[in-house]
Amino acid sequence: MTGVADRNQIRKTVRVIFFSQTMLIILLSSVLLMTFLSPNFLTLRNLFNIVRQVAVLGIMAIGMTYVIIGKGIDLSISGMLSLCAIVGMKMQNYGFGAVLVGAIFVGTLCGLLNGYLVGKVKANPIIVTLGTSLVFVSLALIYSKGRSIINRTERIYSFFGNENVLGIPVVLLLIIALFLVAGIYLSRSIYARRLYAVGLNERAALASGIDSSKIVWISYVVQGLFVALASLVYTSRLNTVRVNIITPYVFDVITIVVLGGTTLSGGYGSLYKTFIGLILFGVIQNAMGLMAIPYEFQQMIKGIVLICAVVYDEFSRKRRMSE
Amino acid sequence: MEDQSILQMRNISKHFPGVQALKNVSLSLNKGEVLALVGENGAGKSTLIKILSGVYKTDSGEIVFEGKGTEIQHPLDAIGLGISTIYQETSLVQELSVGENIFLGRQPMKHGRIDWKRMNQSSQGILSDLGIKIKASQSVGDLSVAQQQFVEIAKALSFNTKIIVMDEPTASITDEETEKLFEIIRKIQQKNTSVIYISHRLKEIFQIANTVMVLRDGEVVSCNSIEDLNELDVIRYMIGRDIGNIFSDKSYECEEHILFEARKLCRRKKFNNISFELRKGEILGFSGLVGAGRTEIMRAIFGLDRLDSGEIYINGKKATISNSADAIRNGITFVSEDRRLESIIQGFSITKNISILLLKALRTKLGFIDRRKEKTLAEKAIKDLSIRASSTNELAMNLSGGNQQKTAVAKCLSFSPTIMILDEPTKGIDVGAKKEIHSLIKELAHSGVGILLVSSELPEIIGMCHRAVVVRDGEITKILEGEKITEENLLRSAVKTSIGLASKKDQT
Amino acid sequence: MKKLLLIGLVLLVVAGFAFAGGQGTGDGSGEEKFRVGVAAPYMDPPYDAAFWRMWDKLVKEKPYSDWEIIITDAQGDLNNQINQIEDLARKEIDVLLVKPLSAAGVVPTLNKVWEASGKTLPIITVNLGTDPAQIPAVIAHTGPNYYLQGLAAGEGYVKYLDAHNLDKVNYCILLGRAGSDATNLRKQGFLDKVEEMGASDRFVLLDEQPADWYTDLGQQVAENWITSFGDKMDMIYAENDDMGIGAVNALKGAGYEKGEVLVNGVDAGFAGTSLVKEGWMTFVVLQSPMLDAEGALHLADKLRNGEKIEEFFNYIPSPIITAENADEWLPKIKETWGL
Amino acid sequence: MTGSDMFVRGKKNEKESQRKVEKKLSRDIIEQKRFIKFLLNQKLLILIVLLVAAMAIKDTNFFSLSGVYEIFDHIAIIGIMAVGMTVLLISGSFDLSIGSVLSLTTVIVMLFQERGILISIIMGVVSGIAVGILNGLIVVKGKINPFIATLGSMLIAKGFALGISRSQTIVGSRAEFIFLAHGKVLGIPNPFILLVIFLLIGWYILRFTKLGRNSYAIGGNEHSAILAGIQVNRSKFVFFVFCSLTASISGLILASKTNTGNAILGDNVVLIVIGGVVLGGTSLFGGRGHIMGTIQGVLVLGLIERAMVVFHISSWYQYMLRGIVILAVIVLDTVIERRRREML
């Protein structure tokens, strides 16, 4: 009995490792390819560029991973980002602390609203967050009177947008830190376990005394928090904010999460996957930039990559199931 | 006899990862014959019929239908041949009308458009043939579970079928309706239509079947005409050993201390004025007809549905239970009757399923889950309840029904609750597992846990419970004590009649 | 519960209209007023926000204050705009001011409403011009000329090269939203001017990428350029301020010094002009929302007084702001952009 | 044994009262449902009446026939797409790519004008259908979540449109082409007519064709749809193609209305279309919905857009207003749906 168990055990773990690595393999191979295609791809400076460019997306992708594992989705992050950024910048006269507090406060509020409507009221997340995104954008416009706001704060603020410590971009350190913390929490914490349970089967979760609406609600608040953090990086990177009505951010973030192999059906996924997805996305986007591929086709390629990724992922999952 | 034969399955084998589901199973069915297919969970019954109805493909073996060898690659092939299957889980579309469901996928057409008139008329015809009082135009969403079951049957009959396969058709309908079902089966039997009937309820089998085929571990252990068998034989065949009386009588007493008290619980249109108390170490049975409101009461007590009014006292203190989390906090656990969707999380490993109730207890200093503790916990549970699984990381979805149920119970045990709600804990479970679970429940009671046991099987109530609450139309009609718990008393209060005795006299 | 929600919904909508309605200009009541319909493409991008801020300021004063002005906002959707143009035309307006989202896109609709009005409704295009030949309906156009701005930018750079006797520059173009007319005209103007001044061989185009007018995208594109072209790149022609600012951020991030790479802007917003003053930007081409709004109202006023509009094209000037004259412009700009 | 026999008999005598109870229960359940259905319709009607009334006060010639025509003329583009989306949502799928299909069509149509109007129209529709086929293949063959699948094809289609138009605005060369959208038949604007045609098509499909009824089955309970021998995959495929077809018809109208083709034309129609459909009571989880609801929903959105003009609503608040309306509707739907479930 146990002998069989062990063998299955080993087989499973091997399989799991293999499948989780394949995404990594794709990433590495694409990196290899790029180094041949573009001489200055594998330069430190460019790698740092990649990180800088995906930083904002990456931070939001952390929250999105939580939401998606809870079987939700949040399309309001663009609007939320604008709102947090605007409010943050408005606070700048009271110092960096105020900016921090302001942005996080607003982000949390937005998250609470989404979470209430999706978790408590149980309305469909797609429509709800599309609706709230309009509200957030509207608020941002009203609050900023449509002006772009310029970052005039002391250096500390613009510091972690573009600058380096010991030659390493501050954003890189920030991203790694955030992914580590959020990742460990997602894999070990009690809340996370419950989140997975709800994502897999809400009724069973309820029967196990899990307050599913609260769990879902929290996941949206988490998203709000990370969007707020993203807005700080965003503003400190651009030194100026204005409300972008139509930014591709939402779809990019979702693409990143899905690229990693987290599925929208809920209950499955991890931040390790999301991180791989993030880097992969960054590499592809950066590569297209370096190879001066016309903007028109960049979108097309993104789309194709996305589809290939999910198709492959589905295929591999089938394999896993059939095994 | 041979020319009578309509279906022959020869040396059917089917292999699933890790398990040989069927080994050279052969089955022969005559026109108008009712073949009962019995066996423990995981014995291969479902696999066999899924092969017959084209859901699975066989690894080896052949199927001969009306003397011709046939390949059944897809459910449609089966239906095309005239083999229709009624599965346990309803396959009706809630949003469509009864008529549409009956004719789903083959709606009658008149010059290129669906002929609603004809569809409704003919489906109404089928329904009234079976004496089912449902409007064909009604939306299935509005029907009760039992009514939906009937529509299912009507649907299956509406095909010009030669074989109807019924997988646990009576699992969730009342005896009255079971009676009706049997009438129908006899009717179609006369039309020379054959029936393959799967059930755990041996009594039913002896009422309806001509032949009984027993499967164990994917092999045929016996296939005899009903006359040459009695229930005990069948059970013996099923579990391969002789077990005496399933229900050993209770030889222990429960303490006086009142664990739990419900006062005047009400929920609109479900139940009202429900009051009872549960003592320490007591098994309190809830008997009654299906749909009498027992499950609803339990769900409300556990906080899954909200109470409109009424109070709950635990250890004498008033407890407010607004959601299941509160219930757990008050030491109440709940095993739902809906195993597939509620008792366990299919996508979770056994470990995660078992530990889900006491994550807080497994917390490390950092507030994370202590994986090692968790694993040992699971291993212990698997050993104690002898759950058959390849490892603690086995996904729940890969377990057989009985083992899933054990896992669900294990989940609650490991939480060591003070009060445990068990809703139909042995529903659709083979005799062996049933016995194990029964003894488990008794041990629990011994250890001082108060147990609310909902069961539709009178022997279970009689054999297990200190007291039995009888529910009818959402109200408690009687609470029976010890020796007073007899089929007669239970049924009397369950159906409110004085003729029960009279009919008994007639028999004697 | 259901009833409550229903009522709540209704109240929300009513309240919404009442509340938001209050924000609008003009009121229905009163004697025969001069009715002006304005079809705006969008109001949220900073330039447009400034434009409408200026507009609101202007219409508070005589003679505009006693007009009834109805403004619609297509919010970047051409279909909305043409629908709104029709809506406006139905409201018996005396003049229709159109700020087209797409120059060609509104032509059929403008002709249609003009025909419908018995060829009497005077239509003035603002900010973005349509091809007069195609469209008899339009009697005049006012606003900045993207092409002229392109020319100005070209001139600005050529002059700069001469002044700092630079022979040759390798440059990249930060384009605006792909497909918008401003994007194409500002590029065309630049190239034509360079051509006209016989300096086309002194400008070597390395690459051009659209950044949708956005700072972040501009920054991203610029960062990639810095990596792939490194010090080879001497100049970035940005089609608006925001993208230029992005480019400057990128240069700062990559540790460049002021003026190492020439960057410009078009719009002359406060942020951009400040960068010119600091020396990070070579120059910005001014497109004043103030003048823009003024021009439109001015033409409408002429019509009201029954005066004749001689010129079809009434362009607002687009001067260049460089480090020298930045100081005198900054206060005005600050005031205009409401910072 | 005897006891349980008696159990059965005893119950026979019980039948009557049992039935009574059941009857009574199911009866007031049905009543409840009627009330809710009524409420659901009322929700939209109230909105429509409210808006119309409010505008009629402000806008004198609002009630003129031409006024009515114009409103439907304006919602035609959204409405036609909504028909396709309704069918798709009922079958439990979802399409983000309609915006790109719309813009792609406008571009293609304009590019092919030289070759003659008919050819250009055909090419436009074909291009739209091609995207639909792509969607269908990815979702059906690749077994991919429609949201992701269509997100991908959205990017692809838009990229393609941008590429072939070199991100320019392409102006039509044939004056006659404008007639498609600006022309009238018996004083009725063509877009209105097209809208009505497609509404009828959608209504007919959903009511009288197997395909249509099957879409309910697929959306409501895919498993049983398969068991009933419905070609689930083929049906889904058809629905995706149909949805893209409607999008590309809308593309034709828009192209004709503006006499231009541009890859950014359809950037934000998805929200409006889905909003309208859901407003009309079609469930995003599939299985429920009808064309009559959809047209009401689209009409409400159209009226709101109109009201924004009539009431001079400042643009910054317009987003808010749209958002609030959408939220209010989805919340209302959800709560009512839950009540309905609880009653069963």
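Here is a short chat about a predicted model of a complex.

Reader: What scores does the predictor give the complex?
Author: This is a predicted model. Its ipTM is 0.77 and its pTM is 0.81.

Reader: And chain C, what's its mean pLDDT?
Author: The mean pLDDT of chain C is 82. Of its residues, 89% reach 70 or more.

Reader: Which elements of chain C have the lowest and highest mean pLDDT?
Author: Helix α1 of chain C, residues 2–23, has the lowest, at 52. Strand β8 of chain C, residues 235–238, has the highest, at 94.

Reader: Where does pLDDT stay under 50 in chain C?
Author: Over residues 18–30 of chain C. For that stretch the model has 23 contacts beyond four places in sequence.

Reader: New topic. How many residues does the contact take from chain C and from chain A?
Author: It takes 28 from chain C and 28 from chain A.

Reader: Which elements of chain C give two or more residues to that side?
Author: On the side of chain C that touches chain A, they are α2 (46–58), β7 (203–210), α7 (215–229) and α8 (241–253) of chain C.

Reader: Which gives the most?
Author: α7(C), with 9 residues.

Reader: How do the residues on that side divide?
Author: On the side of chain C that touches chain A, 11 are nonpolar, 12 polar and 5 charged.

Reader: Switching to chain B. What domains does the assignment give?
Author: Domain 1 covers 5–239 of chain B. Domain 2 is 254–331 + 417–508, and domain 3 is 340–415.

Reader: How far apart are domain 1 and domain 3 of chain B?
Author: Their C-alpha centres lie 34 Å apart.

How values were computed
Residues numbered from 1 in each chain as written. Chains lettered and ligands numbered in written order. Predicted model: local features only at pLDDT ≥ 70, side-chain atom pairs only at ≥ 80, totals over all residues. Domains from an automatic or database assignment. Contact = placed C-beta atoms within 7 Å. Helix = DSSP H or I, 4+ residues; strand = E, 2+ residues; numbered from the N terminus. Nonpolar A, V, L, I, M, F, W, Y, C, P; charged D, E, K, R; others polar. pLDDT = per-residue confidence, 0-100.
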